[in-house]
Amino acid sequence: MPSHKKRKIYIFDTTLRDGEQCPGASLTPDEKLEIAKQLERLNVDIIEAGFPAASRGEIEAIQKISKAVTTPTICALSRMVPRDIDLAREALKFAKKKRLHVFLATSKIHREYKLKKNKSEILKLAVQNIKYGKRFFRDVEFSPEDAARTERLFLVEAVRAGIDAGATTVNIPDTVGYSMPVEFGDLIAYLIKKIPALGKTVNFSVHCHNDLGLAVANSLAAIQNGANQVECTVNGIGERAGNASMEEIVMAIDTRRDLMSAYTDINLKEITKSSRLVSHLTGLAVQPNKAIVGRNAFAHESGIHQDGIIKMRQTYEIIDPKRIGLSGSEMVMGKHSGRHAFRQRLQKLGIKLTPAQLDRAFERFKQLSDQKKYVFDQDLEAIVEDEISRIPQTWQLEYLKITSETDSKPEATIRLKRQGKISEASSDGDGPVDACYRAIEKITGLKAKLVHYAIQSVTSGKDALGEVSIKVAIEGHEVSGRGTSTDVIEASVKAYLFALNKVCAHIEKKSGSPI
Ligand code: KIV
Ligand code: ZN
């Protein structure tokens with residue numbers, strides 16, 4: 001593999017052209033403008049803003065972008081047809097820095113079946129149209145479409161003809177994502193050997209599709225073999241399986257600069273924002289485990305990993321999430337989380353517990369994480385609040401069963417434990433909560449009047465934790481109670497027992513003997 005000094009790799013972003021060709025990703029001109037402005041903040045070198053021959057809306061969008069976005073070069077795609085080139089001229093007329101991108105397929109299958117033209121007809125068309133484009137554009141990019149499947153000798157011929165006609169950038173597309181990294185890298189090295197101007201006086205670009213999941217690997221192999229421009233999209237969106245993902249290429253170059261001997265001018269801190277904006281405006285969700293920008297890319301759930309990250313972030317992270325605009329790594333609190341991570345999360349929430357309280361809270365957390373997939377900060381706060389406001393658990397819930405049918409009153413069976421002794425009672429009621437409260441009354445002998453009942457969800461998702469707050473009048477005392485559970489009936493019972501136990505504690509304190 002040839003060794004290169006640190007070279008600048010130009011980022012040609014085609015989110016607004018090839019990315020928008022992704023099924024269902026259609027954008028309005030204003031949405032395109034919003035993304036283009038973000039791409040400017042991201043500091044991409046070239047924005048391919050659209051394909052003017054597609055529609056008037058496309059021309060309008062490119063014009064809007066050309067007026068408002070001035071740092072990157074604005075590029076428009078065109079077939080090798082003078083009319084397309086004229087539309088590109090119209091679309092780019094306001095651009096401060098502009099590029100015309102013309103393409104024509106060169107592979108045998110495209111020549112014979114799609115274009116029905118022989119090799120010399122293809123060469124003629126390419127030369128004529130590049131020359132036509134050069135009358136209006138200083139900067140012209142030539143793409144021999146399906147280059148990766150084109151016979152090597154003919155590809156060399158086409159590229160030479162394009163450069164002789166005035167192309168300032170040559171782009172080698174792997175249009176159908178067929179290449180393998182070693183093969184694609186070898187093709188790039190071969191072309192440079194045959195045409196040494198590539199990567200020197202003529203920009204040498206690659207454009208890889210992801211049909212075999214190799215778009216990024218192929219782009220990196222091309223860079224290692226001398227390409228100095230990559231065409232890519234935010235989140236890797238694009239035709240079929242998509243294009244090479246901008247953030248993956250940029251972060252691979254940055255993270256493995258020891259190996260890549262290259263750099264980009266991308267403003268890394270804008271990566272996350274760009275990804276979210278594109279996902280939001282195109283409606284294309286980012287898969288959770290997507291490298292760099294997936295929701296889980298910096299999330300750790302395993303207790304062992306969390307412990308490692310807390311001790312030294314690099315044990316399980318090769319990129320500092322802050323570099324790409326995130327606030328930090330995320331510890332997903334769930335059943336795999338350990339004590340260390342639990343304590344650290346509480347510290348972050350500003351919660352201080354005594355060692356005994358911490359032990360109990362951790363036990364509650366473990367119980368909850370068996371019921372819920374993720375335990376959110378609000379869940380932790382709810383657990384801790386229960387711990388801090390701890391009162392003696394005179395009555396403890398052992399068992400709860402509700403039967404409820406249409407046209408008949410619900411029935412509750414409750415088992416409570418007090419000083420090691422279990423008592424059980426059943427009752428019907430006007431609703432399941434009422435039935436439970438009546439059954440508890442039967443067991444405890446304490447009559448309570450419900451003054452207030454409120455329920456709210458303290459976390460999100462189908463497995464959300466419900467919090468029930470009540471106020472009851474018992475034995476002349478008006479007390480509040482609160483209970484949390486993923487089951488709202490259980491939360492209601494816990495709230496009731498909480499209030500009941502408060503009263504018991506109060507009475508015991510006053511009388512000096514248990515009630
Ligand atoms: O995939 C492709 O070949 C293209 C060209 C227009 C560059 O998108
Ligand atoms: Zn493409």
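Guide: Ala158 touches Thr106, Leu123 and Phe142, leaving out residues up to four places away in sequence; contact here means heavy atoms within 4.5 Å. This is a predicted model, in which local features need pLDDT of at least 70 and side-chain atom pairs count only at pLDDT 80 or more, while totals for chains, interfaces and linings use all residues. Residues are numbered from 1 along each chain as its sequence is written, chains are lettered from A and ligands numbered from 1 in the order in which they are written, and side-chain values use heavy atoms, without hydrogens and water.

Ala158 belongs to helix H6, residues 152-165 (helices, H or I, have at least four residues and strands, E, at least two, as DSSP runs numbered from the N terminus). With a relative accessibility of 3%, Ala158 counts as buried (buried is under 20%, exposed over 50%, partly exposed in between, with a 1.4 Å probe and protein chains only). Between the C-alpha atoms of Ala158 and Ser143 there are 9.7 Å, and the two residues are 15 apart along the chain.

Ser143 is one of the residues surrounding ligand 1, together with Arg17, Asp18, His101, Phe103, Glu145, Asn171, Pro173, Thr175, His207 and His209 (a residue is near a molecule if one of its heavy atoms lies within 4 Å of it). Strand S5 (98-105), strand S6 (140-145) and strand S7 (169-174) each give at least two residues to this shell. Sorted by class, the shell has 2 nonpolar, 6 polar and 3 charged residues.

Three of these side chains have a polar atom placed by an oxygen atom of ligand 1: for Arg17 the separation is 3.0 Å, for Asp18 it is 3.1 Å, and for His209 it is 3.0 Å. On its own, ligand 1 has 260 Å² of accessible area, and the protein covers 94% of that (Shrake-Rupley method, 1.4 Å probe).

Asp18 and His209 also take part in the metal site. The zinc ion, ligand 2, is coordinated by Asp18 through OD and by His207 and His209 through NE2, at 2.0 to 2.1 Å. Donors are N, O and S atoms within 2.8 Å of the metal (3.2 Å for Na, K and Ca), and sites may look incomplete because water is not among the atoms. Along the chain, the zinc donors are spaced as D-x188-H-x1-H. His207 counts as buried because its relative accessible area is 5%, and His209 is buried as well, also at 5%.

Another buried residue is Ser274, in helix H11 (residues 271-282); its relative accessibility is 1%. Apart from neighbours within four places in sequence, Ser274 is in contact with Gln38, Leu42 and Val234. With Gln38 there is a polar contact between the two side chains, at 3.0 Å.

Two loop residues stand on the exposed side of the scale. Lys116, in the loop between helix H4 (108-115) and helix H5 (119-134), is exposed at 63% relative accessible area. Gln419, in the loop between strand S14 (408-418) and strand S15 (421-428), is exposed at 72%. Most residues other than glycine have a negative phi. Lys116, however, has a positive phi near 50 degrees, and for Gln419 the positive phi is about 45 degrees.

Methods. A polar contact is a pair of N or O atoms within 3.5 Å; within protein, one must be able to donate a hydrogen and the other to accept it, and residues adjacent in sequence count only if both atoms are side-chain atoms. Ala, Val, Leu, Ile, Met, Phe, Trp, Tyr, Cys and Pro count as nonpolar, Asp, Glu, Lys and Arg as charged, and the others, Gly among them, as polar.
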